[in-house]
Amino acid sequence: MKNVPEPYRIKMVEPIRLINREEREQKLVEADYNVFALRAEDVFIDLLTDSGTGAMSDAQWGAMMMGDESYAGSRSYYRLIDVCQKIFGHQYISPAHQGRGAENVLFPLLIKEGQVVVGNMHFDTTKAHIELKGGHAVNCIVEKAYDTSDGSPFKGDMDLEQLERLVKQHGPGQIAFILITVTCNSAGGQPVSMANIRAVKAVADRFGIRLFLDAARFAENAYFIKQREAGYADKNISDIVHEMFSYADGFTMSAKKDGLVNIGGLIGIREDETLANLVRANLVPTEGFPTYGGLAGRDLEALARGLVEVLDEHYLAARIGQVAYLGNLLLAAGIPIQQPVGGHAVFVDAGTFLPHLPSEQFPAQALTIELYREAGVRGVEIGSFLLGRDPVTGEQLVSPLEFLRLTIPRRTYTDNHMRYVAESLINIFQQRDRVRGVRIVEEPPVLRHFTAKLELIS
Ligand code: P70
């Protein structure tokens, strides 16, 4: 890809600082080796997540001053609905405070006890919400997603044969809905092709099953379609987005990613008015009155603006180009990562990076800890530590992939920061046999990775 400079310049800066190695060592002990427990001010470069951590534009900050804070019927709400209807082509749009708020409202309306939700690869909070509503979350992604060295363009695609098999095995009536996550976060920010979305829709229609999108990174997915899929090179991003959403009966969205805001979520329903009314009814006791959905009027304004800005192809080229830049620096040094580089993060294959650590010693968590110790950089583990235990047997599950995710916030860091991150990881790579594994000493029953306590194995 040719180098694309960012189509913006920096107007405001926020200082960050690197505390010394001894202090970092101390902070790790105080955090029980869980980087979620670190104070952000003790982190130099924060690649924990791209969720709500990006920079807003001057136009977004300006729009925030225009927020209508009315409890019901706010002008800002109508502005957001108008923008969303145009971009996504879905008739019914509801705001929510973030992605899991949207899931919490929509999923109980779709899932009956014991039903299955088939997805390409469910994100962890999504899986948790499906399970909390009595459903089973089943992954059905193409096999090559698990081969980190396979450079295929659409490793987020669903496996169509397996999908049909699953539908026949459980019976269509037992499938609550199909959920395609774009881009597929858990597989490394890998895109889903338009052809695949279309084909999944055809299967869904044939069996009378509904198709939803988990659309947190919809614009990045559209950009990959434009770059990689035959027939889309000359289409603009808006048209591609419109087509992607035209196959879906509805969507949930964490707007903290491609909404380019610090907080927010959405629920979209294409045309089912009955379902849309139920969504609105469910919003009231959970997220709030349907015209604010857990957000302030100013948040609705910022989101309405962010959803337009994210469709700018020059922005997307710079954004995805920066993630690829970091990935390529690591690849050039021989560091194993999920290839091709995804949209929002570089996923380092920690299982291959640290071959001396078995999965029960959480190699990706060990590498996450080491990177903070080495450089004050905070990544996040996406592997067996995050996966957790079998809900029935309580046994530790083994993740097919052990990733350290270096998640790049949008419009926030420079390529110089990326070089620093790469150099730090390369330093560790050169003495990787010294990295020690970890064990869990305390954990909560669900979504344990956020709050569990760990210790180093001597
Ligand atoms: C991330 C965050 C959230 C998310 C998502 C998809 C595809 C729904 C949601 C929930 C969560 C996270 C992970 C590790 C560290 C910090 C935060 N993804 N669907 O970074 O949305 O967070 O708004 O409730 O990726 O991947 P929300």
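How many salt bridges does the structure hold? The structure holds 30 of them, where a salt bridge is a side-chain nitrogen of Lys or Arg within 4 Å of a carboxyl oxygen of Asp or Glu. Side chains of opposite charge can pair when their charged atoms come close. This is a predicted model, in which local features need pLDDT of at least 70 and side-chain atom pairs count only at pLDDT 80 or more, while totals for chains, interfaces and linings use all residues. Residues are numbered from 1 along each chain as its sequence is written, and side-chain values use heavy atoms, with hydrogens and water left out.

One of these salt bridges brings together the side chains of Glu-374 and Arg-21, at 3.6 Å from N to O. This pair links distant parts of the chain, since Glu-374 sits in helix 14 (residues 363-375) and Arg-21 in helix 1 (residues 21-30), 353 residues apart. Helices (H or I, at least four residues) and strands (E, at least two) are DSSP runs, numbered from the N terminus.

The next topic is the division of the chain into domains. Domain 1 covers 21-50 together with 313-456, and domain 2 covers 58-309, with bounds that come from an automatic or database domain assignment. The C-alpha centres of domain 1 and domain 2 lie 26 Å apart. The contact between them, meaning heavy atoms within 4.5 Å, takes 28 residues from domain 1 and 33 residues from domain 2. Between them the two domains bury about 2,600 Å², of which 57% is on carbon and sulfur atoms; buried area is the accessible area (1.4 Å probe) that two parts lose on being put together, summed over both.

Six salt bridges are counted between domain 1 and domain 2, and a salt bridge also joins the side chains of Arg-411 and Glu-309, at 2.9 Å from N to O. Between the domains there are also 18 residue pairs in polar contact, both residues being at pLDDT 80 or more. A polar contact is a pair of N or O atoms within 3.5 Å; within protein, one must be able to donate a hydrogen and the other to accept it, and residues adjacent in sequence count only if both atoms are side-chain atoms. On the side of domain 1 that touches domain 2, the elements that give two or more residues are helix 12 (313-332), strand 9 (345-349) and strand 12 (403-407), and helix 12 gives the most, with six residues.

The ligand can be followed next. Which residues are the closest to the ligand? Among the 19 residues that surround the ligand, the closest are Thr-49, Arg-100, Ser-254, Lys-257 and Arg-405, where a residue counts if one of its heavy atoms lies within 4 Å. A polar side-chain atom of Arg-405 lies 2.7 Å from an oxygen atom of the ligand, and a polar backbone atom of Gly-99 is 2.8 Å from an oxygen atom of the ligand.

Most residues other than glycine have a negative phi, and most peptide bonds are trans. Another cis peptide bond joins Gln-339 and Pro-340, with omega about -10°, and Pro-340 is found in the loop between helix 12 and strand 9. Asp-32, in the loop between helix 1 and strand 1 (45-46), has a phi near 50°, a positive value in a residue other than glycine.
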